[in-house]
Amino acid sequence: ERGIDITTADSKSLDRFTGRRFDLVVTLCDRVREVCPPFAPDDATVHWSIEDPSRLSGTHRATMPAFRAVADDLTLRIRQILPVLTTGQHKERSHHV
């Protein structure tokens with residue numbers, strides 16, 4: 001619906017990223033935030049407490065509005081954070097949104 005091809009996308013273990021350097025780490029749900037290891041002491045972090053729509057029960061038709069709402073929310077948040085990323089302000093402090 002959003003024009004993004006995810007046919008080759010897959011989930012990756014956090015272990016795959018251990019020891020790598022990131023400019024910004026964004027966690028999207030409280031459960032992941034609890035288990036997400038720090039990638040480096042100086043990495044900036046952002047936590048977006050977003051409900052996981054895949055945890056809803058019901059038919060595809062019944063749960064689709066929740067997925068669309070999350071996509072809308074993420075689109076808005078990403079648009080807001082992009083200017084911060086391009087100016088480097090995210091390196092100055094951690095954020096909890």
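Residue R33 is located in helix α1, where helices (H or I, at least four residues) and strands (E, at least two) are DSSP runs numbered from the N terminus. The model is a predicted one, in which local features require pLDDT of at least 70 and side-chain atom pairs count only at pLDDT 80 or more, whereas totals for chains, interfaces and linings use all residues. Residues are numbered from 1 along each chain as its sequence is written, and side-chain values use heavy atoms, with hydrogens and water left out.

With a relative accessible area of 44%, R33 is partly exposed; buried denotes under 20% relative accessible area, exposed over 50%, and partly exposed the range in between (1.4 Å probe, protein chains only). Contacts of D30 (heavy atoms within 4.5 Å) include H47 and S49 when residues up to four places away in sequence are not counted. Between D30 and D52, 22 residues apart along the chain, the C-alpha separation is 9.5 Å. In the segment before β1 lies D23, partly exposed at 45% relative accessibility. The C-alpha atom of D23 is 6.6 Å from that of A44, 21 residues away along the chain.

The chain comprises two helices and three strands, arranged along the sequence in the pattern β-α-β-α-β. Of its 97 residues, 22% are buried. Among contacts with a separation of 6 or more, 41% involve residues 24 or more positions apart. The accessible surface amounts to about 7700 Å², and carbon and sulfur atoms contribute 54% of this area; accessible areas come from the Shrake-Rupley method with a 1.4 Å probe, and for residues only the protein chains shown count as cover.

The largest nonpolar core consists of seven residues, namely L24, A44, V46, W48, I50, V70 and I81. Such a core is a set of buried Ala, Val, Leu, Ile, Met, Phe, Trp, Tyr and Cys residues joined through side-chain atoms within 4.5 Å. Two or more residues of this core are supplied by each of the elements β2 (44-47) and α2 (60-87). V70 touches I50, E51 and P53, with residues up to four places away in sequence not counted.

Pockets were identified on a 1 Å grid over the protein atoms alone, as open sets of points with protein on both sides within 12 Å along at least five of seven lines; lining residues have an atom within 4 Å of a point. Grid points are joined across faces, edges and corners, and a volume is the space filled by probe spheres set on the points. The largest pocket has a volume of about 1000 Å³. Its lining comprises 30 residues, with S11, V26, T27, L28 and V32 the closest to the centre. The elements β1 (24-27), α1 (30-35) and α2 each give two or more residues to this lining, and α2 gives the most, with six. By class, the lining has 21 nonpolar, four polar and five charged residues; Ala, Val, Leu, Ile, Met, Phe, Trp, Tyr, Cys and Pro count as nonpolar, Asp, Glu, Lys and Arg as charged, and the others, Gly among them, as polar.

The second largest pocket has a volume of about 480 Å³. Among its 13 lining residues, R2, I4, I6, F67 and A71 lie nearest the centre. This lining has eight nonpolar, two polar and three charged residues.

Notes. 1 Å grid on protein atoms, 1.4 Å probe; cavity = no way out; pocket = protein on both sides within 12 Å on 5 of 7 lines; lining within 4 Å.
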